[in-house]
Amino acid sequence: MIRPQNLKTKIFLDSGDPNETREIIKLLGFLDGQTTNPTLIGKNPEAQKRLAEGKKFTKEEIYDFYRGVVKEISALIPNGSVSIEVYADKSTSTDEMFTQGKEMFSWIPNAHIKYPITTAGLEAAERSIKAGMRVNMTLCFTQEQAAAVYATTRGANKGEVFVSPFVGRLDDKGKNGMDLIKHIVKMYASGDDRVEVLSASVRSMAHVLYAIQLGSDIITAPFKILKAWGEQSLPIPGDDFVYPAKELQAIPYQKIDLLKDWKKFNLAYELTDKGLERFADDWNALIM
Ligand code: E4P
């Protein structure tokens, strides 16, 4: 299969398993990148096997394992991007995040470092950009958080910064997560096109099609969904495509001044805190 000519959105795989990378490349004929996170690394079959044998990792071993996984993925998509997420709980400092990010960025030539959209995460991102690193700002659930990412990373070049709004987790709460994608794309259009919108927490083919229609720069989707998309010969939404939002509650658009000092944006959102906790718990569950 070849990449559809009218497909501008980059397609990433959301997975911590290099075998899935191989299978998707074989099926689609291309893959633009991959995103990983602590939960996905925990789901890696080798990690699962080890846990089933009752053998957890030491702190050093788990970082070695994560490095091995992303190195393998990176070699499969040398021209793509591979997102690697730092460990962060609510007490992790800017310094601690940045130190991890710097180390992880050195693992492979095509890394984007994932930091949470919290004060410490944004400060770590600001430092990372100044140090010439690339970042993917994760656990985005509000337009204000996306505005803060835009404001913190001024001076970065296109391709160096992604923002990851989590569609599925908003849907799970009865809110129309795709509205957030639509609003961030619209808000960023009033500035420059430096920060790329990466639709994450994708759960359905309808999410994929609507994200393409909305002009999301990137979509990261789990293996099962990319496989189904490939098996259906890579459908692209026509002008007549209407996203089935069903009973999901609409999220209203907010008018936001992108030039505001980022420290003035409201970064708080319950799902960001919960997401941070879940990633930290999943990571800690791997360590003895
Ligand atoms: C990828 O960057 C995100 O971490 C991922 O899409 C989250 O997905 P989930 O909400 O299904 O855990």
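## The ligand and its surroundings

An oxygen atom of the ligand lies 2.7 Å from an N or O atom in the side chain of S201. Such a pair falls under the polar contact rule (N or O atoms within 3.5 Å; within protein, one must be able to donate a hydrogen and the other to accept it, and residues adjacent in sequence count only if both atoms are side-chain atoms). For the side chain of R169 the value is 2.7 Å, again between an N or O atom and an oxygen atom of the ligand. For the side chain of R203 it is 2.9 Å. The protein covers 88% of the 350 Å² of accessible area that the ligand has on its own; areas come from the Shrake-Rupley method with a 1.4 Å probe, and for residues only the protein chains shown count as cover.

The residues around the ligand, each with a heavy atom within 4 Å of it, include D14, T35, N37, K114, F166 and A200.

## About the model

This is a predicted model, in which local features need pLDDT of at least 70 and side-chain atom pairs count only at pLDDT 80 or more, while totals for chains, interfaces and linings use all residues. Residues are numbered from 1 along each chain as its sequence is written, and side-chain values use heavy atoms, with hydrogens and water left out.

## T220

T220 belongs to strand 8, residues 218–221. Strands are DSSP runs of E with at least two residues, helices are runs of H or I with at least four, and both are numbered from the N terminus. T220 counts as buried because its relative accessibility is 1%; buried means under 20% relative accessible area, exposed over 50%, and partly exposed in between (1.4 Å probe, protein chains only).

The side chains of T220 and T35 form a polar contact of 2.6 Å. Beyond its neighbours within four places in sequence, T220 is in contact (heavy atoms within 4.5 Å) with residues including F12, L13, D14, T35 and A200.

## P165

P165 is part of strand 6. Its relative accessibility is 0%, so P165 counts as buried. Residues up to four places away in sequence aside, P165 touches C140, L180, I181, I184, V197, L198, S199 and A200. The C-alpha atoms of P165 and A206 are 16 Å apart, and these residues are 41 residues apart along the chain.

## Helix 7

Helix 7 spans residues 143–152, and ten of its ten residues are buried. Among the elements that cover these buried residues are helix 6 (119–130), strand 5 (135–140), strand 6 (161–165) and helix 9 (177–189).
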